[in-house]
Every structure is written in C-alpha cells, then in structure tokens.
Amino acid sequence: MNDTSTEGPATYDVAIVGYGPVGATAANLLGQMGRRVVVIERDPDIYFRARAISTDEEVMRIWQQVGLADRLNADMQPGAGANFVDVNGELIVKLLPVDRGNGHPPQQFIYQPAVDTVLREGVDRFPNVEVLLEHECLRLVQRPDGVELMLADLTTDQFKRVRASYVIAADGGSSSLRGQLGVGFGGRTFSERWIVIDTKMLEPWPGHDQLRFHCNPARPTVDCPTPLGHHRWEFPVRDEEDEKDLLSDEAIWKVLSAQGITRANVEIIGFACYSHHVRFAERWRVGRVFLAGDAAHAMPPWIGQGMCAGVRDVANLCWKLDAVLTGALPEGVLDTYQAERLPHLKEVTNRAVKTGKLIIERNPLRAAARNHIFRTANKVPYFTTWLRNNRWLPDARYRDGLLARNGNDAVGRLVPQPWVTDENAALVRLDDVIGGRWTVLHTGTDGGTQPWRSAGVPVISIASPGGTAAAGQIVDRDGKLTRWLEQRKASIVAVRPDGFVYAAGRDGQPLPPPPAGFRAAPHTTDTTPTTIKESA
C-alpha cells in the first residue's frame, strides 16, 4: 500500500470504528448533537446475516431521541413473552414482558439487516458525519490533544490518516483496537457450540409467532419469530457430534423436521456455528479511546440483550463526549462511563446465564424435576412475577457515577416517559419535550432551582391529569410520571440528557446543585431530530 497523505490529516471530534448497530447508533447521537464524526468500517455493506433478534423499550427510547423509533417500529414484531416448553411442547412456564413506562413496547423481535438499514439511513441525514466503508483502522496513536488513526483504503490499496479528539471502538468481539490498546478480555467461553438457522417463512404454522425455549434434554432448541417474514432456530452441538456434520442442508432439515417444520413452511437462508461467551474488558477507557458493545463485553443470547447492551453503552457515552467537547462538563466525567454501565451489564449477563441453565439442562431426571417444580410454583401467586424480576431484564439504574446522592430513591434511575400535553397543547412523549438536554422537572414548588436556572437548564412544572398546559408547564395526561415521583418520595428531579436522574428532592428539601464544573454550552444544531418516516 502507498501512503497518499499529502496534506495534514482530516480532523474530527469523534472517530467511530465499527458500523454495526452500536456504531451506527453512536453516529446518529453524535450527528444529532452537531459533532463532526467519521465512521470507519471495513465491510462494503450491511452484514447479510441476522445476529441480534430482539430489542426493548429502553433501546427504542434511545432511537427515539434521534427520530428513528417510529420507522424502526414499523419493521418490528411485538413480543408476547417467552414460553418454556418440555419435550412434548407442553408449557412449563411463561414469562410475560413488563411495561416499564418508557413509551414503547417492552419486547420486540427484529430482523437485524432491516434495523441496520434504518440506522444508516439516519446517519445519512447529517452532513457532519462522514462514513468510510471498506476502510480498516490499522493502528492508532494517542497524543495529548487527540488520536491519530492510520487507515487502509481497501478499495484503492492506499493509506490515509485522520485525527479525532476521541475514538469509540465498536468493532465487535474480536476488536482489533482492544488488542492494540492491550486491554484484557477476561471471562469464559461456554463448552456448547450452537448452530443458528435463519429462514424465510413461506407458510405459517401453529405457534410461529411465539418465542419458545424447548427444554428438551436430548436437543434443547430456541424457536424464535423474527419480523418481515423470517424465523430462527438455535440448538447446541452435542459433545459426541462434530459441528461440521450439522452444517449441511440435510442435517438442518432433520432438526427442523423434529420441530414439525417442512419445506412448505420455510426456506433456509443460512446457518452457522457459534460459541457463547461471558467476557468483560478490563478497561473500557484507555486515554481518549472508549470500548463499546461487543468490544467491551460479551454475553450469552438468552434474554436478547447483546446488541441492546451496546446501544445502552453509547447512549451513556455520547452525551458525555458532547458535554466535554462543548465545555459543559470537565473531562473527568468520561471516567463515569464504565462505572455506570458495568454493574448493570454484569447483572444482565448474570441473568442471561441463569436463564440459559434453565433451558439447557441435559440430565433427564433433573429436567423432569425442573418441570415439576416450575409447574407447581406457577400455582403460587406472584411466582412468575418474581421469576421475571429476577431472571429477565433488570431495571435501568445507576448506583455510582455522575449522580448527586442525597438518599432519594429516584437518583440514578431512568425517568419514565409518559405521554404529556406540552405548552402548545400537543400530545407528545416526554422525551420530545426534554429534547436530550439537562432538565429540571417538578410537581410542587421549584425552590432551590436557581443554580440550575443560572446554568441555563430549563425548569418545567408537571401538572396533574386534568391540568392546563402553559409556558414552562406540561400535563401528565395519565398521571404516570406523577405517581412514579410519589413512589420515590420526590417532587423535583434534575434529569440528565440520557434520561437518568442526576439529583432529586422532595418539598422542603433543596435540590442538589449542578455537577462541579457544569456550565451551559449551546448545541450547534437543533435538538429536535429529523424523523425518518415509515417507507411506503
């Protein structure tokens, strides 16, 4: 290759390496914030295989922030819970998704190539974001004022250099940047190798729209609907089997036939073998470089949170990068990224592992005991609620990081997003009022808000259902936000740009002031995203 850099390298605020859903989400967020961004991706197009299969309401809320939620929702299939069934297909236990008040369906199945397409269309809206496909980051060099990246243009066999103030490494589980940084990736690889089968649905069959975990000791199988006319199966390779013998049309059809699926039902698109991992990068930040998504962590797929965890990562990171670049917060705030995200990520991973153990029990006697115990427990009031709350997705909450801890239970929690009436008498989601910025919300007096007002933070009053919207006041149409605050003994909260509560107080209790070093810094673009509407 030849180095064709005859001028100084192009300069950006942030370079994103990797253009999967995590990198594309980061590009949308930073593009909306007005940052100058370059995205570096070695592949020429969207990866054709569907990997992630589900999303949740919190992730949809992040995509809503950049105007993509409605368009993405159009290509998704709402979930109806997870069915754990025995060898005969009889129900053992059913876990229903719970609505956590984020304004979107709590569980949805996705077809990842369609999601990637919409996310990339979203990036195309921003002239301040440059996308370099078929480019590979060969190395990076950190300097006091930024990072220099050496890129290989895979189409011209030439080198180029770019500079960025910060870098997000979203380049997957085999991240080359993580290796360059010398960051360990500790954890374990499960002994099971899993065959994943993706199909196009031709003719529906009973239960085709249900997520089913077939808890069959002889052949545990995941049977998962995916939208836009697709369906997926996953099953483990037995110890005595050679995975090569299972990666053929004949072997795949033998497995599908055991599920009652015929060639009239589906057309096989592809199949592959994967191993499941539990791994965490030792450090998510090295100087000006941040690991995100699979580059920072890996988990088994049992509760469908691999991609979702990465989207949560960049939602936490990007507004902090923007705040540092604009001078709204000191650079040290970037150290809170891993401190906030890692505990939640570990809890999600732990629950995924426990759920997997329920599914893949190989001993027939223990499997029979499991089935009996769960069917008996189903008769106990609130058992399935307990099971869901302790085995499925935990509440979004930070217990450490950029938080003003004064003992109030609302601090560190994601504020719910109800429908509200804004000052123009329009019915909108709460985040469309807040607009991804620091905001103080209150249901009583606004005493103690002067430090926030002086810093340029809007203060909004919440009127109860039946109230009247006015300038600086919204109406909580169904009372959901008001009830949430009452449950946490809070009448006033300071909400961060990512929707998490930084500070909270009750009437008569002063609201903690803004973080040290905080100052107002205007965005370079309007915070209202351009919405991509559903295609015809």
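Tyrosine 47 counts as partly exposed at 36% relative accessibility, where buried means under 20% relative accessible area, exposed over 50% and partly exposed in between (1.4 Å probe, protein chains only). The residue lies in the loop between β3 (37-41) and β4 (54-56); helices (H or I, at least four residues) and strands (E, at least two) are DSSP runs, numbered from the N terminus. Together with Phe48 and Tyr274, Tyr47 makes a nonpolar surface patch of about 310 Å². Patches are made of residues with over 30% relative accessible area and no salt bridge, like charges being joined within 9 Å and nonpolar side chains (Val, Leu, Ile, Met, Phe, Trp, Tyr) within 5 Å. Accessible areas come from the Shrake-Rupley method with a 1.4 Å probe, and for residues only the protein chains shown count as cover.

The model is predicted: local features need pLDDT of at least 70, side-chain atom pairs count only at pLDDT 80 or more, and totals for chains, interfaces and linings use all residues. Residues are numbered from 1 along each chain as its sequence is written, and side-chain values use heavy atoms, with hydrogens and water left out.

Helix α2 (residues 57-65) is mostly covered, with eight of its nine residues buried. The buried residues are Glu57, Glu58, Val59, Met60, Arg61, Ile62, Trp63 and Gln64. At the start of α2, a side-chain oxygen of aspartate 56 reaches to within 2.9 Å of the backbone nitrogen of glutamate 58. Just after the helix, glycine 67 adopts a positive phi of about 75°.

An open sheet of three strands has the order β4-β8-β5, with antiparallel pairing; two strands pair if DSSP finds at least two bridges between them. Because β4 and β5 (77-78) stand at the edges with a single partner strand each, one side of each is left without a neighbour in the sheet. Two bridges join β5 to β8 (residues 107-109), and proline 78 stands opposite glutamine 108 in β8.

A second open sheet comprises seven strands in the order β22-β21-β25-β24-β23-β26-β27, with mixed pairing. Its edges are β22 (427-429) and β27 (501-505), each with a single partner strand, so one side of each lacks a neighbour in the sheet. Within this sheet, β23 (residues 439-442) and β24 (residues 459-463) run parallel and are joined by three bridges. Histidine 442 has serine 461 in β24 as its bridge partner.

The structure holds 33 salt bridges, each defined as a side-chain nitrogen of Lys or Arg within 4 Å of a carboxyl oxygen of Asp or Glu. In one of them, the side chains of arginine 163 and aspartate 145 meet at 3.1 Å, N to O. Arginine 163 lies in β12 (residues 158-169) and aspartate 145 in the loop between β10 (135-143) and β11 (146-153), so the pair ties together parts that are 18 residues apart in sequence. Arginine 163 is buried, with a relative accessible area of 17%, whereas aspartate 145 counts as exposed at 54% relative accessibility.

Glutamate 148 forms a salt bridge with arginine 161, the closest N and O atoms being 3.6 Å apart. This pair links glutamate 148 in β11 with arginine 161 in β12, 13 residues apart. Glutamate 148 is buried at a relative accessible area of 15%, and arginine 161 is partly exposed at 25%.

Aspartate 478 and arginine 477 also form a salt bridge, with the closest N and O atoms 3.2 Å apart. Salt bridges that share partners join Arg143, Asp145, Glu148, Arg161 and Arg163 into one network.

Methods: Polar contact = N/O pair within 3.5 Å; in protein donor to acceptor, adjacent residues only side chain to side chain.
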